[in-house]
Amino acid sequence: MKKLSVFLVLLLLLCCAVPSLAAPALPEGEVDLEVKAAYEGVPLPNTAVTLHRVGEILETSPWITYGLTGDFASYPVDLQELDNAGWAAAAATLASYASADSLPPDFQGTSDENGIISFAQLPAGLYLMQMANQTDEAGYSYSAAPVLLTLPGYQENTWQLETQAALKIIRVDPPETTQIEVQKVWEAQGVELPDSITVELLCQGQLIATAELSEANYWKHTFTQLEVGKEYEVVERNVPDNYTVTISRTDNQVIITNTAQEVPTEPENPDPEIPQTGIIRWPITLVTVLGIVVFAAGWCMYYAGKKET
C-alpha cells in the first residue's frame, strides 16, 4: 500500500511537469491588437510597426500547429515543434525573405505620444511583427528583433480576441563623431566676388555632402556628425574664372583660398609702330656728296698740272 501511494505521487508530479499543448477551438471574430513601443518604460512615439500575416493556425488539439500561407507558403521554413530560439530564428528568416522579395505588409501603424500602436479587426493567424529602426535627436538608435505573434493571443488556456504585445526594444549609443569646418578666403582686391561657391565633402572618395558658401553665412560651413576613423576631403568644384585655388587643412579646419589672377590690359591709345616701306633715301645723298668731292678734287688736280706746263 505504501509503494502504491509513492507511485501515485510520482505520477501526479510527472503529469504536472509536462505542460498541456492542447487549446480550445478558435473563437469566431476578429482580433484587436495593441502594441507598446517603449524603452525602459519611456514611450517611443513615431515608431513604425508592420504586420505580415505569414501563417494559418491549422490545429489547436492535441497541440497548436501552424502552416505558412500566401506569399510565405513557398519559403522552406519549418514551424513545427520549435523552442524559443527556434521561433526567433524562424522570425528572422521570414523577415529576410520578406525584405529580399519586397513583400508589402498586410497592416502597418505608427505609435502615438504614449508609444501605442493599435490594430483593429485582424483575422486570426500567425503574424510577423517588425519595427522600423529609428534614431532620436540625441543620436541614440532603437531597434527590435522581428517576432512571430499568434492572433488571437493565448493565455491561461483561453484565446484573447483583445491582445496586447510589447516590443523588446534595444538602444544603441550614438557613435563617436567629429566635424570639419570649412572657411573660404578671398585674395582679390578691387575684384567683384561671385555670389556663392559650392564645396563638396567626400569620405574615402565618395561624395556624402555639399554646402554653399556665401556672404550670408560668412563664407563658412561646418560638416557635423561625421564618423570617427574615416578619411574626409573637401574640394571646390565651381572655381570662378581667373582664380586659382589652394586648400590647406589643420586638424578639423579646412581653408580654401581663391586668388585672383592679374589680367594684362592694353593702353587706351597705343602709338602704332609704322613699318618702313619704299626706298631708303639717305644713301643717295651720301653718294651725291661723295661724287661732288671727287669731282672737285679731280678738277683741282687737273688745273694745277696745267699751270706747271
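The structure is a predicted model, in which local features need pLDDT of at least 70 and side-chain atom pairs count only at pLDDT 80 or more, while totals for chains, interfaces and linings use all residues. Residues are numbered from 1 along each chain as its sequence is written, and side-chain values use heavy atoms, with hydrogens and water left out. The chain contains 3 helices and 22 strands; these are DSSP runs numbered from the N terminus, helices being H or I with at least four residues and strands E with at least two.

- Of the 309 residues in the chain, 28% count as buried. Buried means under 20% relative accessible area, exposed means over 50%, and partly exposed lies in between (1.4 Å probe, protein chains only).
- The accessible surface of the chain is about 21700 Å², and carbon and sulfur atoms hold 54% of this area. Such areas come from the Shrake-Rupley method with a 1.4 Å probe, and for residues only the protein chains shown count as cover.
- Among contacts in the chain with a separation of 6 or more, 67% are between residues 24 or more positions apart. A contact means heavy atoms within 4.5 Å.

**Salt bridges**

- The structure has 4 salt bridges, each defined as a side-chain nitrogen of Lys or Arg within 4 Å of a carboxyl oxygen of Asp or Glu.
- One of them pairs arginine 237 with glutamate 200, at 2.8 Å from N to O. Arginine 237 lies in the loop between β20 (232-236) and β21 (243-250) and glutamate 200 in strand β17 (residues 196-203), so this pair ties together parts that are 37 residues apart in sequence.
- Another salt bridge joins the side chains of arginine 53 and glutamate 56, with an N to O distance of 2.7 Å. Glutamate 56 is partly exposed, its relative accessible area being 32%.
- Glutamate 227 and lysine 230 also form a salt bridge, in which the closest N and O atoms are 3.5 Å apart. Glutamate 227 is partly exposed at 42% relative accessible area, and lysine 230 is likewise partly exposed at 36%.

**A negative patch and its surroundings**

- A surface patch of negative charge is formed by Glu192, Asp195, Glu212 and Glu215. Patches consist of residues with over 30% relative accessible area and no salt bridge; like charges are joined within 9 Å, and nonpolar side chains (Val, Leu, Ile, Met, Phe, Trp, Tyr) within 5 Å.
- For charges, Lys and Arg count as positive and Asp and Glu as negative, with His and the chain ends not counted. The place of a charge is taken as NZ of Lys, CZ of Arg, CG of Asp or CD of Glu.
- Glutamate 215, a member of the patch, is in the loop between β18 (206-214) and β19 (220-227). Glutamate 215 is exposed, with a relative accessible area of 60%.
- Serine 214 belongs to strand β18 and is buried, with a relative accessible area of 12%. Leaving out residues up to four places away in sequence, serine 214 touches Asp195, Ser196 and Trp219.

**Glutamine 134**

- Glutamine 134 sits in strand β9 (residues 134-135) and is buried, with a relative accessible area of 19%.
- Beyond its neighbours within four places in sequence, glutamine 134 is in contact with Leu44, Pro45, Asn46, Thr47, Tyr140, Ser141 and Tyr142.
- Glutamine 134 and leucine 44 are 90 residues apart along the chain, and their C-alpha atoms are separated by 9.6 Å.

**Backbone features**

- Serine 61 and proline 62 are joined by a cis peptide bond, with omega about 5°. Proline 62 is in the loop between β4 (48-59) and β5 (65-68).
- The peptide bond from leucine 151 to proline 152 is also cis, with omega near 0°. Proline 152 is in the loop between β11 (147-151) and β12 (153-155).
- Glutamine 121 is not a glycine, but its phi is positive, near 55°. Glutamine 121 is in strand β7 (residues 116-122) and is exposed, with a relative accessible area of 56%.
- Tyrosine 218, likewise not a glycine, has a positive phi of about 60°. Tyrosine 218 is in the loop between β18 and β19 and counts as exposed at 66% relative accessibility.
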